[in-house]
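Please find below a colleague's note on the structure, written for a reader who is new to such models. The sequence and the model should be kept in view while reading.

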Amino acid sequence: MTSDQSPSVEPGDRDAAWHIGGRTLPPPAGASEPLRESIAATPTPDPAVAPMLPSDPVALSAMVAQADSMTIEMVRSLRDQLPVTVTHDVIEGVEVHRVAPVESDPRHDDHLFVYVHGGAFVLNGGEASLVEPILIAQRTGMKVLSVDYRMPPSWPAPAGTDDVMAVYRSLLRERPAHSVALGGTSGGGNMCMVTVQHAIRDGIDVPGALYLGTPGADMTDTGDSVFINEGIDRTLVSYAHYVNAVRIYAGGLDLGDPLISPIYAEFGGFPP
C-alpha cells in the first residue's frame, strides 16, 4: 500500500469505520468476529473529550474506588458463572489470591501461572484484580496465583515490583522456575518485565514462560507510534489521559528509569 492509499474497507464495515487524522480505520479483518463487533460498536475515540486520570492523589483514589467497585461486580459475576475456586493467602507479607479450576488440565498439574494485574498501576487492586486470573484458570485448566501488590499513592515504585519479586523468590523455594509462567497485562506486563530483568541481574532462574499483554514498556511518551496512533486506542485514547497515574506510580523516579520504563533495560536471557 502506498502512502496515498487508504486501507480497503469492506462494504459492511464502512459504517463501523473510524475516521481519525485523515485515515479510515475499519474493524481489523484479522480479529475474531466478537472483537470486530465490539470495536464496531465503539464510537470513534476522541482525545478532546476522553476523561483524564486526575493528578491529585485524593481525587485519583476516589476515581479508582468507583472504577474498582464496577470491576468487582464483574468478578463476582464470573465467579458465579465459571467453575473456579478463589482463596486468599499471604506470601512473604504480600497479599495474593489463589485461583484454581474445578477441573484442571493434566498437562498443567505441575504448572503455575503467576499473574500481575494491570490498571495503569493504580486500578484493580484487591478483589478487582481477579477478572483475568479467573478467565486464565478456567480456560487453561491451570492454577493461577494473582499478586495483589502494593499500589500508589500510598506505595509508589518500586514497592509493587518488590512485592512481585518477593513472591517469585518464595515460589522458587518450593518449585522449579521452569514450572512457572509469569504474566500480566498493561501495567502488570510492565512489572513482569522489570521482575525478569531483576531476576537476571540477581542470578535467579527466570520463569519458564512469560506473558506480556500490551505491556506498558515505555512511559516517556517517546516513539513514532505514540504520535501516529494518537487517539486510536479505544481504552487509553491518549498518553495524556493516563500519564498522571504513571507519575504518581513513579514517585520521585524519572519516567525513563528502567523501573518505570523497562524498555530502557536489557532483554538478554528473557524466557519465551
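The numbered points that follow treat the basis of the note, the sheet, the helices, the charged pairs, the surface and the backbone.

1. Basis of the note. The model is predicted, and local features are reported only at pLDDT of at least 70, side-chain atom pairs only at pLDDT 80 or more, while totals for chains, interfaces and linings use all residues. Residues are numbered from 1 along each chain as its sequence is written, and side-chain values use heavy atoms, with hydrogens and water left out.

2. The sheet. An open sheet is formed by 6 strands in the order β3-β4-β6-β5-β7-β8, with mixed pairing. Strands (E, at least two residues) and helices (H or I, at least four residues) are DSSP runs numbered from the N terminus, and two strands pair if DSSP finds at least two bridges between them. The edges are β3 (84-91) and β8 (209-213), each of which pairs on one side only. On average, neighbouring strands of this sheet are turned by 20 degrees against each other, direction ignored. Such angles run from 0 to 180 degrees between N-to-C directions, and the axes are lines fitted to C-alpha atoms, for helices over the stretch in contact.

3. Pairings within the sheet. Strands β3 and β4 run antiparallel and are joined by 8 bridges; I91 has V94 in β4 as its bridge partner. The hairpin of β3 and β4 has 2 residues between the strands, and E92 there takes a positive phi near 50 degrees. By contrast, β5 (residues 112-116) and β7 (residues 180-185) run parallel and are joined by 5 bridges. In this pairing F113 stands opposite A181 in β7.

4. Helix α4 on the sheet. Helix α4 (residues 159-171) packs on the sheet and touches β3, β4 (94-101), β5, β6 (143-148) and β7. Contact here means heavy atoms within 4.5 Å. The direction of α4 makes about 145 degrees with that of β6.

5. Helix α7. How many residues of α7 are buried? The count is 7 of its 8 residues, and the helix is mostly covered. A residue is called buried under 20% relative accessible area, exposed over 50%, and partly exposed in between (1.4 Å probe, protein chains only). Among the buried residues are V243, V246, I248 and Y249. The buried residues of α7 pack against α2, α4 and α5 (187-201). After α7 comes G251, whose phi is positive, near 60 degrees.

6. Salt bridges. Side chains of opposite charge can pair when their charged atoms come close. A salt bridge is counted when a side-chain nitrogen of Lys or Arg lies within 4 Å of a carboxyl oxygen of Asp or Glu, and the count comes to 8 salt bridges. One of them joins E127 and R76, with the closest N and O atoms 3.0 Å apart. This pair links distant parts of the chain, 51 residues apart: E127 is in the loop between β5 and α3 (131-140), and R76 is in helix α2 (residues 57-81). E127 counts as partly exposed at 23% relative accessibility, and R76 counts as partly exposed at 49%.

7. Further charged pairs. R98 and D89 meet in a salt bridge of 2.9 Å, N to O. Another salt bridge joins R201 and D202, with the closest N and O atoms 2.9 Å apart. R201 counts as exposed, because its relative accessibility is 56%, whereas D202 is partly exposed at 35%. R169, R201 and D202 are linked in a network of salt bridges.

8. A nonpolar patch. I263, Y264 and F267 make a nonpolar surface patch of about 270 Å². Patches are made of residues with over 30% relative accessible area and no salt bridge; like charges are joined within 9 Å, and nonpolar side chains (Val, Leu, Ile, Met, Phe, Trp, Tyr) within 5 Å. Accessible areas come from the Shrake-Rupley method with a 1.4 Å probe, and for residues only the protein chains shown count as cover. I263 is found in the segment after α7 (243-250) and is partly exposed, with a relative accessible area of 40%.

9. Most residues other than glycine have a negative phi, and most peptide bonds are trans. The bond from P152 to P153 is cis, with omega near 5 degrees, and P153 lies in the loop between β6 and α4. A cis bond also joins A157 and P158, with omega about 10 degrees. N124, although not a glycine, has a positive phi of about 75 degrees and lies in the loop between β5 and α3. S186 has a positive phi near 60 degrees and is placed in the loop between β7 and α5.
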